[in-house]
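Visitor: Please guide me through this model by question and answer, and state the cut-offs behind each term.

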Amino acid sequence: MLGLLDVNNMYVSCERSFDHSLEGKAVVVLSNNDGCVIARSNEAKALGIKMGTPFFQLEELRQQHNVQVRSSNYTLYGDMSARIMATIGRFVEEVEVYSIDEAFLNLNDYETIYPDLSLFARQLRQTIAQWQRIPVSIGLAPTKSLCKVANYFAKRVGEYEGVLLLDSAILIDQVLQEFDVTELWGIGSRYATLLRRNGIRTAAQFRDLPDDWISQHLTVNGLRLAYELRGTPCKLLEVETPAKKAICSAPSFGHLVPEYDTIVQGLTTHLARATQKLRRQHSAAGTLTVFLHTNRFRRSPNGELAKQYYGSRTVQLPHPTSSNAELVPYALTALKSIYQFGYQYQKAGIILSNLVPDTHRQASFFCDTPDERHIKLHQVVDRLNHRHGRDKVRLAVQGYDATWHHKQQWVSPCYTTRWKDILVVK
């Protein structure tokens, strides 16, 4: 038996965990630069606010219904997610952290420890609510796809009180009859259109399709999904998080930036972020890509679209490295080759690809292997920044100009990771 724990409205719940004045109110969390809605409370959903809605379109609705707005605070959300996953680890040994707000639990052979899995799930749910003040829903089923279905109903049907155990063929068939095929895990818009065109509207109908038809129209992944809905596990738990195959860092600027020097500061800061992630997963990059573009929606004073520009340049590195000190010269050379004077830029970004383990050492007649001093240097820098705060130790080229950083007009304090933001009890 497997379980899927999913946090209800993760970003909103993290905000409410420390600000109880948000309880019972419509709350939305915005993306970088306060651009569009990326999280909604149930009250906001009831008002008809859709995911991805540009924030400027909500101004009238916000004033009419006193909608509370928060800028995204990923430092807080990431730390709260880590605390929730650590709490799960106290109950279950094998856990796959699927995303920031989801985790699969391996409950096989736990019958002797937790004879009643529903009771276990309720205890886990209550513990997280008590320790982190975060509401979660838990779906229990024989396969990961059925766990997704169980969690869907556990979150939305009040009588289940946040927990649903699918432990019988009758109950599984009942929920699949009520589950829309478009909500299935792995069914995108193209497949959903195909299935509806063939009269397949429920998960039960999809499950009962012939294998040959599924394999022909939805490939092997669709066939695996059908087997999972029939109770045969095809998707195994990935307890060890696989290393990323590419890393990108490209937050938009807080305002349009025409100056080359300011773009350099932003790009090198993004590079520092990317290389830090690279070192965290013990990888090195063999290829670097720099890109730069304007705001394609910006209009000139006469209402016409402003002139646009997009440029990118890819550099094959002489040897794989995770040192931003080594990568900065290549990044700046690429940026200089694509920068065009006279444009106001919205975003500059960096992509590190062709990743290999950081222990990779390929001998070459034409270039040196990675400098071991850089590896030791960044180990020390990472420890110092972890202890004293991000970018406390940085390359001089990153500068200290904060005006280009993305906007966070309604950002909440970092309650759990910054001393000055810790709540004070009076």
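Guide: A residue is buried under 20% relative accessible area, exposed over 50% and partly exposed in between, with a 1.4 Å probe and protein chains only. This is a predicted model, in which local features need pLDDT of at least 70 and side-chain atom pairs count only at pLDDT 80 or more, while totals for chains, interfaces and linings use all residues. Residues are numbered from 1 along each chain as its sequence is written, and side-chain values use heavy atoms, with hydrogens and water left out.

Visitor: Into which accessibility class does N354 fall?

Guide: N354 lies in strand 12; strands (E, at least two residues) and helices (H or I, at least four) are DSSP runs, numbered from the N terminus. Its phi is near 55°, a positive value in a residue other than glycine. Because its relative accessibility is 44%, N354 counts as partly exposed.

Visitor: Where is N66 found?

Guide: N66 also is not a glycine, and has a positive phi of about 55°. Its relative accessibility is 46%, so N66 counts as partly exposed. N66 is found in the loop between helix 3 (59-65) and strand 4 (68-71).

Visitor: In what order do the strands of the open sheet of 5 strands lie?

Guide: Two strands pair if DSSP finds at least two bridges between them. In this sheet the pairing is mixed, and the order is 5-6-1-7-8. Pairing on one side only marks the edge strands, strand 5 (95-99) and strand 8 (163-165). Read across the open sheet, then, the order is 5-6-1-7-8.

Visitor: By what angle are neighbouring strands of this sheet turned against each other on average?

Guide: The axes are lines fitted to C-alpha atoms, for helices over the stretch in contact, and angles run from 0 to 180 degrees between N-to-C directions. For neighbouring strands of this sheet, with direction ignored, the average is 15°.

Visitor: How many bridges join strand 1 to strand 6?

Guide: Strand 1 (residues 2-7) and strand 6 (residues 102-106) run antiparallel. Among the bridge partners are L105 for G3 and F104 for L4. The number of bridges joining strand 1 to strand 6 is 5.

Visitor: How many residues lie between strand 5 and strand 6 in their hairpin?

Guide: Strand 5 and strand 6 pair in the antiparallel sense over 4 bridges. V95 has L105 as its bridge partner, and S99 has E102. Between the two strands of the hairpin, the number of residues is 2.

Visitor: How many of the 5 residues of strand 6 are buried?

Guide: E102, F104 and N106 point one way from strand 6, whereas A103 and L105 point the other way, and all are buried. Strand 6 is mostly covered, and the number of its residues that are buried is 5 of 5.

Visitor: Why is the ring pair of F153 and F179 called tilted?

Guide: Rings of Phe, Tyr and Trp (its six-membered ring) pair if their centres lie within 6.5 Å; planes under 30 degrees apart count as stacked, over 60 as edge-to-face and the rest as tilted. The structure holds 18 aromatic pairs. In the pair of F153 and F179 the centres are 6.0 Å apart, and the pair is tilted because its planes lie at 55°.

Visitor: What is the geometry class of the pair of Y260 and Y339?

Guide: Y260 lies in helix 11 (residues 260-280) and Y339 in the loop between helix 12 (324-338) and strand 12 (345-357), 79 residues apart. Y260 is partly exposed at 24%, whereas Y339 at 16% is buried. Their ring centres are 5.2 Å apart and their planes lie at 65°, so the pair is edge-to-face.

Visitor: At what distance from the ring centre of F18 does R133 lie?

Guide: A charge sits over a ring if NZ of Lys or CZ of Arg is within 6 Å of the ring centre and within 35 degrees of the ring normal. K148 lies over the face of W185, at 5.1 Å from the ring centre. R133 lies over the face of F18, and its distance from the ring centre is 4.9 Å.
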